Amino acid sequence: MPDTRAEKATFGSLMAIIFAIAMAFVGISIGVGSPSGGMSFHGWCLAATAAASIYFILSHMAQDDGAPSPLSSSDAVNYHDAPIRFATIAAIFWGIAGFVVGDIIAWQLAFPALNFDLPWTSFGRLRPLHTSAVIFAFGGNVLIGTSFYVVQRTCKARLAGLWSPWFVVVGYNLFILIAGTGYLLGITDGKEYAEPVWYADLFLTMVWVVYLLVFLATLWKRKEPHIYVANWFYLSFIVTVAMLHVVNNLAVPVSIWEPKSYIVFAGVQDAMTQWWYGHNAVGFFLTAGFLGIMYYFIPKRVERPVYSYRLSIVHFWSLIFLYIWAGPHHLHYTALPEWTQTLGMAFSIMLWKPSWGGMINGLMTLSGAWDKLRTDPVVRLLVVSVAFYGMSTFEGPVMSIKAVNSLSHYTDWTIGHVHSGALGWVAMVSFGAIYCLVPWLWKRKALYSIRLVEWHFWVSTIGILLYITSMWVSGIMQGLMWRAYDKLGFLSYSFVETVEAMHPYYIIRATGGLLFILGSLIMAYNIWRTIRGDESRDAAEQPRVAAAPELRLNPAE
């Protein structure tokens, strides 16, 4: 009887090679045909990635004819974890790169001479590089990696496809490379959090569709009848981000050989579409996706069930319904109709309840295991991230109120709010997930050093606190100085005076960012030693944690 699984794998590998050849041809065509130096460079990046992919696939076929290893009931672990390992390492790399660029521009704000009067090192080009590297490169790789891990373990099913998951992780990182180098070369659409140009957006759409199909196909062939709630959050993140990305980036390129394009929306419609995208990128990329991480890794790490599964379902549906309407609060006191502004404010305030319901659910999952906060710094990272989630989701609705927004908007208060969520919630829960994943993925008994995790936690936490408190003080002071009038009705302070007053707080912020980078470097060193398999430095102090779940198939399967 022929090995149908091997035949399917070989056919899949051949189709992957054909697709990679097509991508190489497209890349070479762009590299040769585009008069734009930046776009030509991106074409050659695509061609090089396609060529490397062809070599990788052929090497795999030469080793085992493209078929997975034979399975038996005694020794088979049939999870597809190699793409997850790639995404994990990419997340650490992009995270450190994004943090470093962010701290560089923080020092540039304190000392503008650090721009060096060069276009490539100017604040205007480095700032979108920083946001994209931290949000989409670091956060995106964490989300893709953890979603692929969680959906397999909770469904007891191998990740769908042999090469499709690889296309998702490699294609996504190629998109990040194209977008980031485009910013440095001055190629951008100029839309907040949506700066990549049309061909990068088109490529990301293709990658994202495959991501959705892989996730859905894995759910479809699950052995476990119940779909765990973490997968609900991951799926909502994937579907909604796809919708946001496509609608907000609808554009007409001036030529297929030029990066320049024109957005189909104009005026207030463009602004409304942009902030419908921008706020829901926060809501679904930086909230729903990372809540999927919370609902899997906290219960798994503390070996306790979710505090209230019913509350998690209420949390999901209320969050999904309310978040999509909150975008107009970014456009208070603008040309946007008054009723639309008020609608955005009202839904933002309502968001407080489901957000805190999720926070309470995450924290109370530690019931019966609170001692782990003292003994396991990985749990501390995860729990403190949930606390920051609660704080940020309280502060956000408050800042959406028009009276508060009139003071806070366009000030450093907003910067402090964004980073309390981005560093306190997103980065900390990501660090916790990475510390959980690495020993499981590389089959290690424990992390190289739990003391280094402790150092990472405290250094990063102090850095975050320095950052956000300095921005709170700076932002409120800035807003009050802008609205101060003398007895004749003239402004009391010039703009330059407000900038001068903020200088010491900018130094504090940049110092906090430096501490956060130091913490991430400690993590990278710890992860590197763990992957190498080096003997644990503090084995006696390692907390007992849950083992990685394994999928074992019957011989008939």
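Colleague: Why are helices α7 and α9 called roughly parallel?

Modeller: In this predicted model, the axes of α7 (residues 229–248) and α9 (residues 309–323) cross at roughly 10 degrees and come within 10 Å. Angles under 35 degrees count as roughly parallel, so α7 is roughly parallel to α9.

Colleague: Which residues make the contact, and of what class are they?

Modeller: From α7 come Val229, Trp232, Phe233 and Ser236, while α9 gives a list including Tyr309, Phe316 and Trp317. By class, the contact of α7 with α9 has nine nonpolar, three polar and no charged residues.

Colleague: What makes the pair of tryptophan 232 and tryptophan 317 edge-to-face?

Modeller: A pair of aromatic rings is described by the distance of the centres and the angle of the planes. For tryptophan 232 and tryptophan 317 the centres are 6.0 Å apart and the planes stand at 75 degrees. Rings pair if their centres lie within 6.5 Å, and planes over 60 degrees apart count as edge-to-face; the pair is therefore edge-to-face. Tryptophan 232 sits in α7 and tryptophan 317 in α9, 85 residues apart.

Colleague: Is tryptophan 232 buried, exposed or partly exposed, and how do you know?

Modeller: Its relative accessibility is 24%. Buried means under 20% and exposed over 50%, so tryptophan 232 counts as partly exposed.

Colleague: Why is the pair of phenylalanine 431 and phenylalanine 516 called tilted?

Modeller: The ring centres are 5.8 Å apart and the planes are at 35 degrees. Stacked needs under 30 degrees and edge-to-face over 60, so the pair of phenylalanine 431 and phenylalanine 516 is tilted. Phenylalanine 431 lies in α15 and phenylalanine 516 in α17, so the pair ties together parts 85 residues apart in sequence.

Colleague: How do you know whether phenylalanine 431 and phenylalanine 516 are buried or exposed?

Modeller: The relative accessible area is 0% for phenylalanine 431 and 2% for phenylalanine 516. Buried means under 20%, so phenylalanine 431 is buried, and so is phenylalanine 516.

Colleague: What makes α15 and α17 roughly parallel?

Modeller: Helix α15 (residues 412–441) and helix α17 (residues 495–532) pack at an angle of about 10 degrees, with axes 12 Å apart. The limit is under 35 degrees, so α15 and α17 are roughly parallel to each other. Their contact has 13 nonpolar, two polar and two charged residues.

Colleague: Which residues touch the most other members of the largest nonpolar core?

Modeller: Phe237, Phe285 and Trp425, out of 148 residues. Helix α8 (residues 267–302) gives the most to this core, with 17 residues.

Terms used
Residues numbered from 1 in each chain as written. Predicted model: local features only at pLDDT ≥ 70, side-chain atom pairs only at ≥ 80, totals over all residues. Heavy atoms only, no water. Axes fitted to C-alpha atoms, helices over the stretch in contact; angles between N-to-C directions. Helix = DSSP H or I, 4+ residues; strand = E, 2+ residues; numbered from the N terminus. Parallel < 35°, antiparallel > 145°, perpendicular 65-115°, else oblique. Contact = heavy atoms within 4.5 Å. Nonpolar A, V, L, I, M, F, W, Y, C, P; charged D, E, K, R; others polar. Core = buried A, V, L, I, M, F, W, Y, C linked by side-chain atoms within 4.5 Å. Buried < 20%, exposed > 50% of the residue type's maximum accessible area, 1.4 Å probe, protein only.
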